[in-house]
Amino acid sequence: CFKYEASKNELTNFIKEIKNKKNIFYEECKTETNISGLNLFIEQLRACDNDGERVSLFEKSYNNYCVTTETASKIINSFLHDREKIDCSKLLYFKCIDKQNYRKVAGVFSYKQSESELLDFIEKQNN
């Protein structure tokens with residue numbers, strides 16, 4: 001469907017990157033990471049000047065942690081806007097040790113639409 005080789009290569013690389021990230025997501029978490037390490041991560045997120053910086057730090061670091069639903073909510077509450085909260089909550093879902101309770105995370109959002117988006121995402125993961 002693409003005319004140019006560069007476009008084809010870019011699409012191929014994008015798909016490879018997504019597959020690699022998906023494999024990373026599913027490293028199964030069994031126990032929560034040391035709480036002091038998680039608290040430090042939350043403090044670092046809150047120290048950022050804006051959500052863009054928070055997202056950048058989050059994406060570099062979140063995969064190093066295994067969290068409970070409660071801790072995931074604290075991490076997600078570090079963000080100001082629902083868009084970033086949604087994106088990060090979806091990533092943290094895969095690092096959560098008590099996924100059966102993850103619906104509770106939906107309480108961190110400012111808008112019902114965001115809450116519904118997360119609940120739909122969780123539902124799709126369970127099917």
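Modeller: What follows covers confidence and then salt bridges. This is a predicted model, where local features need pLDDT of at least 70, side-chain atom pairs count only at pLDDT 80 or more, and totals for chains, interfaces and linings use all residues. Residues are numbered from 1 along each chain as its sequence is written, and side-chain values use heavy atoms, with hydrogens and water left out.

Colleague: Where is confidence lowest and where is it highest?
Modeller: By pLDDT (the predictor's confidence in each residue, 0 to 100), the lowest mean is 61, in helix α1 (residues 5–25), and the highest is 97, in helix α4 (residues 69–76). Helices are DSSP runs of H or I, at least four residues, numbered from the N terminus. The chain average is 87.

Colleague: How many salt bridges are there?
Modeller: Seven, counting a side-chain nitrogen of Lys or Arg within 4 Å of a carboxyl oxygen of Asp or Glu.

Colleague: Which residue pairs with Glu70?
Modeller: Lys74, at 3.8 Å from N to O. Both sit in helix α4, four residues apart, about one turn of the helix.

Colleague: Switching to Glu117, which residue does Arg83 bridge to, and at what distance?
Modeller: Arg83 bridges to Glu117, with the closest N and O atoms 3.1 Å apart. Arg83 is in helix α5 (residues 82–93) and Glu117 in helix α6 (residues 112–126), so the pair ties together parts 34 residues apart in sequence.

Colleague: What about Lys90?
Modeller: Lys90 also has a salt bridge with Glu117, at 3.0 Å from N to O. Salt bridges with shared partners join Arg83, Asp87, Lys90 and Glu117 into one network.

How values were computed. Helices (H or I, at least four residues) and strands (E, at least two) are DSSP runs, numbered from the N terminus.
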